[in-house]
Amino acid sequence: MHRISRTRAGAAIAALAVAGLVSTGSDVALAANRAPSTGGATTLNVAITDHGMYLDGPTTFAAGRVKVLLEDARSSHDAVLAVVRLVPGYTWKEYRDDLKVAFSNLFAPNGNKKKGLRRLNHAIHHAVGYGGFDAHAGEKRSATLLLNVPSASYFAYDDSGNLPKRPHRLTVTAASGPQTLPTADATVIAKTNRRFGGDTVLPARGTIEFVNHSTESPHFLILQHVKEGTTRKQVRQGLQSNSQPSWVLPEEAATDVVSLHQKMVLHVHVPAGEYVEMCFFPDPQEGTPHALMGMIRIVHLR
Ligand SMILES: [Cu+2]
């Protein structure tokens, strides 16, 4: 939902800007598409270019698994795709506006924190994040989402900027086919105490399920490659400083925002080594990106 959108993005941006880990891109244009569902697993091909986000595949399909392939066709900037479902009566414009007001008040100097939190929570209560993922410039990546509630108010959108953009409306009809995710090689759990749990050894090439078991907040997962031996303490300190930490390596894989009780499967293909799991979603109570509240965990990809 928000990586809230920016939540990831937003959040990420704020905090990441700090760490110098992330870049953002931009532009606007849309394309719409409609095709019949095949009845099997739905596949969506998404491309993000300098000119827009293009979605190739059905925009009306049965509830169940949705495999998404994302191509970042730009020469720079990571592309981030997000999928969200808005509750009845809540519009894309309201969603975007809530996030805009929330982020500008939570992360800009002299913001009104109370107002920012009110709008953040309004978005959280009216939008369900089904996840999403990123791809580096010139790269293709994939993930499997589980869109299991029939609704005509799903949106796939470009979440690589400061606010949600380039929305494509998706309509999900009555369930057909598997209503579960494919079994993954490993699992990462977001917990209620703003901590990560699950496997500490994950595949460098394979599938990772990210599930939000928390009862109070959406979360997302960034797996950032770091130098072997980097400690959780070093990461915490690095996030507080304004300079690029010496332990950061270029590779990463990330999901977009996953709301309570939701999960997704990320397909990864990255170098083996030490990684740090981080979430930068702004806490619904405090407004602080979770990583700055300690949502940091060291794991290894093999
Ligand atoms: Cu979080």
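## The open sheet

Ala-62 sits opposite Thr-173, a residue of strand 9. Strands here are DSSP E runs of at least two residues, and helices are H or I runs of at least four, numbered from the N terminus. This is a predicted model, where local features need pLDDT of at least 70 and side-chain atom pairs count only at pLDDT 80 or more, while totals for chains, interfaces and linings use all residues. Residues are numbered from 1 along each chain as its sequence is written, and side-chain values use heavy atoms, with hydrogens and water left out.

Strand 3 pairs with strand 9 (residues 165-173) in the parallel sense, over 3 bridges; to count as paired, two strands need at least two DSSP bridges. They belong to an open, mixed sheet of 5 strands, ordered 3-9-8-5-6. Strand 3 (60-62) and strand 6 are at the edges with a single partner strand each, so one side of each has no neighbour in the sheet.

## A helix on the sheet

Helix 3 (residues 113-126) packs on the sheet, touching strand 5 (79-86) and strand 6. Its direction makes about 95 degrees with that of strand 6 (axes are lines fitted to C-alpha atoms, for helices over the stretch in contact, with angles from 0 to 180 degrees between N-to-C directions).

Conventions:
Contact means heavy atoms within 4.5 Å.
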